[in-house]
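Opening the notebook on this complex.

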Amino acid sequence: MLTWSVVALLAFGVYGQRALGMALIDPKRMSGQARSVLAMIPLSILCAVTALQTLSTEGELVVDARIGGIGLAALLSWKRAPMFVVVIGAAGATAALRAL
Amino acid sequence: MRQVPKDTLLTKGEAWTIAFTYFTVAITVSLVHSTAGTPRVTIIAATLMVNSATATLAYAAVTAAGGSVAAGIASGWLTATRFGVLSAALSPRLWPERWKRSIAAFSAFDPNIALANREPADTDARRVYIAMSFWLVLPWWLGASLGAFVGDFISNPKALGMDAMFPALFIALIRPQLTTKNSKVIAVLGAGIALALVEILQGGLPFLFAALPALLALRNKAGDS
């Protein structure tokens, strides 16, 4: 259960990391190579988040209905379907697989 | 007021979809906290102040499994490490002034950073980051507040496939970025490393290691086709 002190500590730690990331780097002193590496980090982390939110639950690898939904999302995305169709399609397919 | 910044790659459809997804997922997150016994006002405060579902959910999971409050908080912090790395990644493209970037850090999420980073010009990256921060944070707060009050009516969010919405949204954000051989390799390695480490390392540590493939951006661009 979340309490006020827990919320305050979580807020402090989470914002602290975000602010540290934003403020630590001095853009004027960055080389082009460093910029190109930083530019690819969101892609790399986004893929990691997607993989873990599809194939894991609370730190354990799990294969369940989500994989069908996300598989459909990947297919729809590859076919350049609108983002809304991708998201709703994935939720619908996951729900349908669970209902089977 | 313009819904999305003019002359950028951001579309209204993307903005509305992200807002809808965050709104819906926020209701689910509130429901999880509500069933764990957290008072409504604390749920709303957590949403406004922590601004991270993964951090509060990690805390809830650890303490529900018998872990201490300290372990739960540490887990929440660890889970949020990716926001620090993502913030650092976008930082050079935002404002030169540290104080401005420190304020912007409050709303550093995955989609607004990814969409801002997609813009070729730094000025557009800033405009998209600001716009998408509002498109994300306001539905997020609204959904969480609504969920704290009406969450009881959604008995089982998983039955509605709501847990697939975030990864599906991320897939839609990733796909347009897979334009070069390098980006595809980085994507596969990022996902692979996270999956390989999820059962070994705690909280957000797999995300830190998953950032390492970005170093492949240093490869000779001639070989990047």
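Which domains does the assignment give for chain B? I looked it up: domain 1 is 12-162 and domain 2 is 178-225, with bounds that come from an automatic or database domain assignment.

**Ground rules**

Residues are numbered from 1 along each chain as its sequence is written, while chains are lettered from A and ligands numbered from 1 in the order in which they are written. This is a predicted model, where local features need pLDDT of at least 70, side-chain atom pairs count only at pLDDT 80 or more, and totals for chains, interfaces and linings use all residues.

**Confidence**

I checked pLDDT, the predictor's confidence in each residue, from 0 to 100. Chain A has a mean of 88, and 99% of its residues reach 70 or more. Chain B averages 85, with 93% of the residues scoring at least 70. I then went element by element, with helices (H or I, at least four residues) and strands (E, at least two) taken as DSSP runs numbered from the N terminus. In chain A, helix 2 has the lowest mean pLDDT (84) and helix 3 (residues 66-78) the highest (95). In chain B, the lowest is helix 3 (residues 53-64) at 80 and the highest is helix 10 (residues 181-197) at 93. For the complex, I noted an ipTM of 0.87 and a pTM of 0.78 from the predictor.

**Domains of chain B**

The C-alpha centres of domain 1 and domain 2 of chain B lie 23 Å apart. I counted contacts as C-beta atoms, placed from the backbone, within 7 Å. On that basis 8 residues of domain 1 of chain B touch 7 residues of domain 2 of chain B. Helix 4 (69-79) and helix 5 (81-90) of chain B each supply at least two residues of the domain 1 side. That side has 4 nonpolar, 3 polar and 1 charged residues. For the classes, Ala, Val, Leu, Ile, Met, Phe, Trp, Tyr, Cys and Pro count as nonpolar, Asp, Glu, Lys and Arg as charged, and the others, Gly among them, as polar.

**A helix pair inside chain B**

Next I looked at helix 7 (residues 110-118) and helix 8 (residues 122-150) of chain B, whose axes are 8 Å apart at an angle of about 155°. Axes here are lines fitted to C-alpha atoms, for helices over the stretch in contact, and angles run from 0 to 180 degrees between N-to-C directions. Helix 7 and helix 8 of chain B are therefore roughly antiparallel; the scheme is under 35 degrees for roughly parallel, over 145 for roughly antiparallel, 65 to 115 for roughly perpendicular, and oblique for the rest.

**Between the chains**

How many residues of chain B are in contact with chain A? I get 86, against 69 residues of chain A. Helix 9 (residues 165-174) of chain B gives the most to the chain B side, with 10 residues. That side splits into 56 nonpolar, 21 polar and 9 charged.

Helix 2 (residues 32-55) of chain A and helix 10 of chain B have axes that come within 7 Å and cross at roughly 45°, which means the two are oblique. Leu43(A) and Ala48(A) are among the residues on the chain A side, and Ile186(B) and Gly190(B) among those on the chain B side.

Helix 1 (residues 4-24) of chain A and helix 4 of chain B come within 9 Å, axis to axis, crossing at roughly 30°, so they are roughly parallel. Val6(A), Leu9(A), Leu10(A), Gly13(A) and Val14(A) meet Val69(B), Ile73(B), Gly76(B) and Trp77(B) here. By class, the contact holds 7 nonpolar, 2 polar and no charged residues.

How values were computed:
Contact = placed C-beta atoms within 7 Å.
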